Amino acid sequence: MTTSPLLGGRGAVVVGGSRGVGLAVAELLAAHGAGVIVNGRDADAVTQATQQIPNARGLPGSPADPAVADTLIDLCVEEFGRIDILINCAGTAEPHGSSILNVTSAQFHDLIDAHLGTVFETCRAAAPKMVAQGGGAIVNTSSFAFLGDYGGTGYPAGKGAVNGLTLAIAAELKSDGVRANVVCPGARTRLSTGPEYEAHISDLHRRGLLDEISMQGALDAAPPEYVAPTYAYLASDLAADVTGQIFIAAGGFVGRFDRQMPAVLAYRDQHDSPPWSITELDELVHRGDYRR
């Protein structure tokens, strides 16, 4: 891959960078000139990743632990002089067959910790340093699952919370030159392959949670290299005016979620009208027409 100056001199941290989407992102950032700190829970996988990525260092551990998150960001500053880019790609799959009918509290909290906890701790550690140096780019990973279409519990809840946290960070730090965006990737990784995964997707289709096209897309996802460019773009100065947005990158498809806005079902001035009755509300919800 040809080196370019697009990210030359930048210091980057890629959480979950030892495998899958994170590894592809780390490789692409390095190919464009960034120095990269690769993080993952598996020390051997981290070592292997850093050996194949130019100008990369590794730090294994879970950044959901505040001490690990702080060390990770500090290492980037120590090695490369700055923390310009924070990419969060870590995640874990919902247990097979998990639903609100059978998930345990421990399983739920583990899923929240793996997704939201990791993002919070790394953003908490990186944001003050980015503000102090005059800017930076944060790209967090969510999932189509936040819509709830795939069922589950802690996975969609964690990903939905990542969206909310990222948008809040984007709004709060915009004036400080720090950008924050989200990518919902669709790629073939170790979490989206194998008989158990295929059975899970087929079961979601059988239950009516996935349509035929979505099922086929999930079973025939492109490799992570098709997703990585969206992350690299958002980390670069080409996206200097892009913040607080949720993108989709799935194979050859790139999209963006519209910002959620309320649809008005009805309005009454509280100063001269009574509250809506339950019967009126039922009529409004089912008809969906606007009344005043």
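This is a predicted model: local features need pLDDT of at least 70, side-chain atom pairs count only at pLDDT 80 or more; totals for chains, interfaces and linings use all residues.
Since Asp74 belongs to helix α3 and Lys129 to helix α4, the pair ties together parts that are 55 residues apart in sequence. Asp74, at 38% relative accessibility, is likewise classed as partly exposed.

## Helix α3 and its buried side

Helix α3 comprises 15 residues, 66-80, and at 1.5 Å a residue it should span 21 Å, which agrees with the 21 Å that separates its end C-alpha atoms. The buried residues of this helix are Val68, Ala69, Leu72, Ile73, Leu75, Cys76 and Phe80. They cover an arc of only 150 degrees around the axis, and they therefore lie on the same side of α3. An α-helix has 3.6 residues a turn, so residues three or four places apart point the same way.

The partners against which the buried residues of α3 pack are the strands β1 (11-15), β2 (35-40), β3 (56-60) and β4 (85-88), together with helix α4 (105-133). At the start of α3, the backbone nitrogen of Ala67 has a side-chain oxygen of Asp65 within 3.0 Å, while just after the helix Gly81 adopts a positive phi of about 85 degrees.

## Other salt bridges

Side chains of opposite charge can pair when their charged atoms come close. The structure holds nine salt bridges, and one of them joins Asp42 to Arg19, with the closest N and O atoms 3.0 Å apart. Because Asp42 sits in the loop between β2 and α2 (43-52) and Arg19 in the loop between β1 and α1 (20-31), this pair ties together parts that are 23 residues apart in sequence. Asp42 is partly exposed at 31% relative accessibility, and Arg19 is also partly exposed, with a relative accessible area of 34%.

Glu283 and Arg287 form a further salt bridge, in which the closest N and O atoms are 3.0 Å apart. Both residues lie in helix α9 (residues 278-287), where being four residues apart means that they are separated by about one helical turn. Glu283 is partly exposed, with a relative accessible area of 26%, whereas Arg287, at 55%, is exposed. Finally, salt bridges also link Asp70, Glu121 and Arg124 in a network.

Terms used
Residues are numbered from 1 along each chain as its sequence is written. Side-chain values use heavy atoms; hydrogens and water are left out. Helices (H or I, at least four residues) and strands (E, at least two) are DSSP runs, numbered from the N terminus. The expected span of a helix is 1.5 Å times one less than its number of residues. Buried means under 20% relative accessible area, exposed over 50%, partly exposed in between (1.4 Å probe, protein chains only). The arc is that of the directions from the helix axis to the C-beta atoms. Contact means heavy atoms within 4.5 Å. A polar contact is a pair of N or O atoms within 3.5 Å; within protein, one must be able to donate a hydrogen and the other to accept it, and residues adjacent in sequence count only if both atoms are side-chain atoms. A salt bridge is a side-chain nitrogen of Lys or Arg within 4 Å of a carboxyl oxygen of Asp or Glu.
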